[in-house]
Amino acid sequence: MKILVCISHVPDTTSKINFTNDNSQFDTNGVQFVINPNDEYGLTRAVWFQEQQGATITVATVGGPETEPTLRKALAIGANDAIRVNANPTDSFFVAKQLAEVIKNGAYDIIIAGKESLDYNGGMVPGMIAGILGYNFLNSCTDIIVDGTTVKAIREIDGGRETVSTTLPLIIGGQKGLVEEKDLRIPNMRGIMTARTKTLTVVEPVDSSINTKAVKFEKPAPKSAVKLVSADNLDELINLLHNEAKVI
C-alpha cells in the first residue's frame, strides 16, 4: 500500500504574528514553522499503517527551500521519502493542482491531508484534489481501517459520528482522532540521522492559474480592559452588562 501524506508548513501557534507591506504580506521574521497539526495526525496514522501493514509513505508539500526542514522532520518521524513542489503556495486551487499532479505520477492508494491548515483554515485542498482526480473523498476523518481495497472509516458530523465504507484510491481530510495527541511521534536521534539520507525530490510546478490574491490582513481588535465589580454591588454589575456589554 502506497500512502501520500500532504504536509503544510505553518507557523507555530506560539509565534507572534505580524504583517508587512501595508498589511498585505505575512512577516516570517522570527517565526518558527512546524508541520500542520492536522497533517501530523495523518502522518502518525500513516506510520501505523507502515508498521502494521507494510505501507510505504511519501510526504509532499508545495513551497520553497524554507519548507525542507519541515519535510526532514516528517522523514525523521518515519516517512520513506519526500517531494517538494518548488512553488509559492499562493492559493488552495494552485496547491491542489500541484499535489494532484504528484498523486497522478505516484499512483498512491491513500492520500492523507489535514482537513485544514492552521494558518489560513481554508479547508479546501483535500476536496479539490479529489475533484481534480475523481477519487473518493472523506473529510473530518477520525478513524480508518483498510482491508485490501476496502476501507471502513469514521468521520465527525454535526451532533455525532458517521461510519462509512468505500474503496481505494481514497483521499482523506484528517484531524485529531486519526491518532490522539499523546500518540504523536517525536523524532529520535536515529530517525533524525536516517532522515538525512532519505530522498527529498524537488519537482517544478505544472501550469496553473492563480485565482486569488491576498489584498490585506487585519489583526483582531485588542481586548479591552477588564472591569472589576464588587460582589455586593449588583446594581453596577447589571448596569455594565446591560449598557456596555449589552448581553442582557
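Predicted model: local features only at pLDDT ≥ 70, side-chain atom pairs only at ≥ 80, totals over all residues.
Helix α1 is followed by Gly54, whose phi is positive, near 70 degrees.

**Helix α1**

Helix α1 covers residues 37-53, and at 1.5 Å a residue its 17 residues should span 24 Å. The C-alpha atoms at its ends are 24 Å apart, which agrees with that expectation.

Nine strands form an open sheet of mixed pairing, in the order β11-β10-β9-β12-β8-β1-β6-β7-β13. At its edges stand β11 (160-167) and β13 (200-203); each has a single partner strand, so one side of each is left without a neighbour in the sheet. On average, neighbouring strands are turned by 30 degrees against each other, direction ignored. Helix α1 packs on this sheet and touches β1 (2-6), β6 (56-62), β8 (110-114), β9 (136-147) and β12 (170-174). The direction of α1 makes about 165 degrees with that of β1. Another helix, α4 (residues 125-133), lies across β8, β9 and β12, and runs at about 170 degrees to β12.

| Strand pair | Sense | Bridges |
|---|---|---|
| β7 (residues 81-85) and β13 | parallel | 4 bridges |
| β9 and β10 (residues 150-157) | antiparallel | 6 bridges |
| β10 and β11 | antiparallel | 8 bridges |

Leu200 in β13 is the bridge partner of Ala82. Cys141 stands opposite Arg155 in β10, and Glu156 stands opposite Arg161 in β11.

Strands β9 and β10 form a hairpin with 2 residues between them, and Gly148 in the turn has a positive phi of about 70 degrees. Strands β10 and β11 also form a hairpin with 2 residues between them; in that turn, Gly159 has a positive phi of about 85 degrees.

Is Ser92 buried or exposed? Its relative accessible area is 19%; because buried means under 20%, Ser92 counts as buried. The residue lies in helix α3 (residues 92-106). With neighbours within four places in sequence left aside, Ser92 is in contact with Met124, Val125 and Met128.

**The cysteines**

How many disulfides are there? The count comes to 0 disulfides. A disulfide requires two cysteine sulfur atoms within 2.5 Å, whereas the sulfur of Cys6 is 14 Å from the closest cysteine sulfur, in Cys141, and is therefore too far for a bond. Cys141 is accordingly in no disulfide. Both residues count as buried: Cys6 has a relative accessibility of 6%, and Cys141 has one of 0%.

**The protein as a whole**

The protein has 6 helices and 13 strands. Its C-alpha atoms fill a box of roughly 70 × 45 × 40 Å, taken along the principal axes. Of the 248 residues, 39% are buried. Among contacts between residues at least 6 apart in sequence, 70% join residues at least 24 apart.

Key. Residues numbered from 1 in each chain as written. Heavy atoms only, no water. Expected span 1.5 Å × (residues − 1). Buried < 20%, exposed > 50% of the residue type's maximum accessible area, 1.4 Å probe, protein only. Contact = heavy atoms within 4.5 Å. Pairing = 2+ DSSP bridges. Axes fitted to C-alpha atoms, helices over the stretch in contact; angles between N-to-C directions.
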